[in-house]
Amino acid sequence: MTGRRLKHWGWGYEDQAPTATQLREAGEGIRARFGFGGEVEKPVALKDVKIRKARLGAPEAFGDLFSDAHFERVSHALGKAYRDVVRGFRGEFENPPDLVAFPRDESEIETVFSWAEAEGAAVIPFGGGTSVVGGVEARLGERPVVTMDLRRLDRVLEVDPTSLAARIQAGATGPRLEEQLREHGLTLRHFPQSFEYATLGGWIATRAGGHFATLLTHIEDLVESARAITPRGTWESRRLPGSGAGPSPDRLLAGSEGILGAISEAWVRVRPRPEFKLSAGVEFDDFIAAAGAVRGIAQSGLFPSNCRLLDASEAELTGAGDGSADLLVLGFESAHHPVDAAMETALEIAREHGGTVKSGPSGRETAAGSKEEGGDGSGDAVGAWRGAFLLAPYLRDTFVACGVLSETFETAITWDRLEEFHATVMETTRTAVAEVTGSPREGAGAPRVSCRFTHVYPDGAAPYFTVLAPAVRGGEVEQWDEIKAAVSEALIAGGGTITHHHAVGRDHRPWYDRQRPAPFAAALRAAKAELDPAGMLNPGVLIDPA
């Protein structure tokens, strides 16, 4: 792979890294704002990163299909969780792949599988490398590993304007597929925080949550059919708007995280680009009252495209508020009709629960003038939140350099259990963070723990918790492990899911094993044994290798 290179340790491209002056200024600002952090350190340069010698040689018979280049092995060694970014920052790449493969088509995927199986190697499918759950790290001991990067499969192959569907290769990133769909006046309208770098196949494999806060919240809601290459043949479902013919083959691929095969392409449901948009911000004095408003809107049948609730601390952190009120970010959009009436009904529901409209409605833009992330780009609270949302992954790299532990945890819970669940998880998180970091629970220098809803349903919500705390230099991973374990226990004990849209990977396995039914785990092992008898595809994810 040539051209502009991604950073080998963090988010974004190499040329997007802040300068020393910018980092120093950021450190000063972080210290002034939070009362901790601010001491700037430098990442280990790529040339100074030491990794183990490759246990496999790149076979010359296949041309440039395989690479053992230092940059490729390092940049494919970790995902983008806080613990990954910290280790990459310090030049600690304990489990680099021995080779990285870059297939151009399905026949080369088959070649990678057959060659790796003959060599006794594991294969880890790789999209944008944005996993935050250890989904792409080869923690496989002495077994050699080939990471298979699918980003050369990046084309929109076919568009069906009658059915509003498109056949897209799995390696297409968000911007790449949107760029090609734009030529047809269409959009997938799936904008997760990983949009810039993650791929369609990666979204499907991890059941990613995207742009829509209601109704079509997960990528599988947009999948019409999928095609995957497995070590024992091609898996392709029939294109259908719906079917009752047994368990869905597409649903089994969704969330499979690369253990059954490599998703090569999918027919996805697309839509005309929106012509009508409205955004509004509503403030509340009480988070649970605000949650009641969100529940009312979620159960109203209005299905807003955006219905995200930020607690006061989260609103202040993102610059969308001053920390005195909780903020509900509402948005409606349509390609066909004005959305004023839907917005006004939603705002009336919010007012009935004690909300005060502070921003909007605004943003009556055409699709040609709108931003790809689905917003109006205005300078109000809604625009401020949206900007912070998109910049958050970049800012985390700065936090690592400045000694700030930053991490997020997401889940989902039904409305009847939300109030107690939210209180318990917040208290557990505050206690764990204070104990692990040795910080005060309140006052100057206290860690920040906040919550927002990312997606909402008629029967529940997806709370997303953010932690900012002082990091112990050199002990960040151990800090993260302790906090992660405490919060994960609270999520499972409270009846929530261990993950709403971040997938399972290796980091969530202990709690996922408790969440899933045992007979289902046995059935999944049987499916893997049939498709991957050598147990080479992403071993240790979802189930233990045979």
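Buried means under 20% relative accessible area, exposed means over 50%, and partly exposed covers the range in between (1.4 Å probe, protein chains only). The legends below rest on a predicted model, in which local features need pLDDT of at least 70 and side-chain atom pairs count only at pLDDT 80 or more, while totals for chains, interfaces and linings use all residues. Residues are numbered from 1 along each chain as its sequence is written, and side-chain values use heavy atoms, with hydrogens and water left out.

**Figure 1. Confidence along the chain.** pLDDT is the predictor's confidence in each residue, from 0 to 100. The chain has a mean pLDDT of 94, and 96% of its residues reach 70 or more. Please take care with residues 365–379, where pLDDT stays under 50. For this stretch the model has 39 contacts beyond four places in sequence, a contact being heavy atoms within 4.5 Å.

Figure 2. Most residues other than glycine have a negative phi, and most peptide bonds are trans. R189 has a phi near 65° and sits in the loop between strand 7 (186–187) and helix 6. Is R189 buried or exposed? With a relative accessible area of 3%, R189 is buried. L164, which is not a glycine either, has a positive phi of about 55°. L164 is partly exposed, at a relative accessible area of 30%. Helices (H or I, at least four residues) and strands (E, at least two) are DSSP runs, numbered from the N terminus.

Figure 3. Two strands pair if DSSP finds at least two bridges between them. Strand 5 and strand 6 are joined by four bridges in the antiparallel sense. Look for V156, which stands opposite I168 in strand 6.

Figure 4. Strand 2 (residues 99–101) and strand 4 (residues 145–149) run parallel and are joined by three bridges. In this pair, V100 has T147 in strand 4 as its bridge partner.

**Figure 5. Helix 3 and the glycine that follows.** How many residues of helix 3 (residues 82–89) are buried? Eight of its eight residues are, so to speak, under cover in the DSSP and accessibility sense used here: buried by definition at under 20%. Among them are Y82, R83, D84 and F89. Just after helix 3, G91 takes a positive phi of about 75°.

Figure 6. On a 1 Å grid over the protein atoms alone, a cavity is a set of points where a 1.4 Å probe fits but cannot get out, a pocket is an open set with protein on both sides within 12 Å along at least five of seven lines, and lining residues have an atom within 4 Å of a point. Grid points are joined across faces, edges and corners, and a volume is the space filled by probe spheres set on the points. The structure holds two cavities of 30 Å³ or more. The largest cavity has a volume of about 90 Å³, and strand 16 (404–410) and helix 13 (476–493) each supply at least two residues of its lining. Strand 16 gives the most, with four residues. The second largest cavity, of about 50 Å³, has D84 in its lining, along with others including K7, W9 and F93.

**Figure 7. The second largest pocket.** This pocket has a volume of about 850 Å³ and a lining of 38 residues. R207, T497, T499, Y512 and Q515 lie nearest its centre. Helix 14 (509–515) and helix 15 (518–531) are among the elements that each supply at least two lining residues.

**Figure 8. P458 and its contacts.** P458 lies in the loop between strand 18 (448–457) and strand 19 and is partly exposed, at 43% relative accessibility. P458 touches A298, Q299 and W415, leaving aside residues up to four places away in sequence. P458 and I297 are 161 residues apart in sequence, yet 8.4 Å apart in space, C-alpha to C-alpha.
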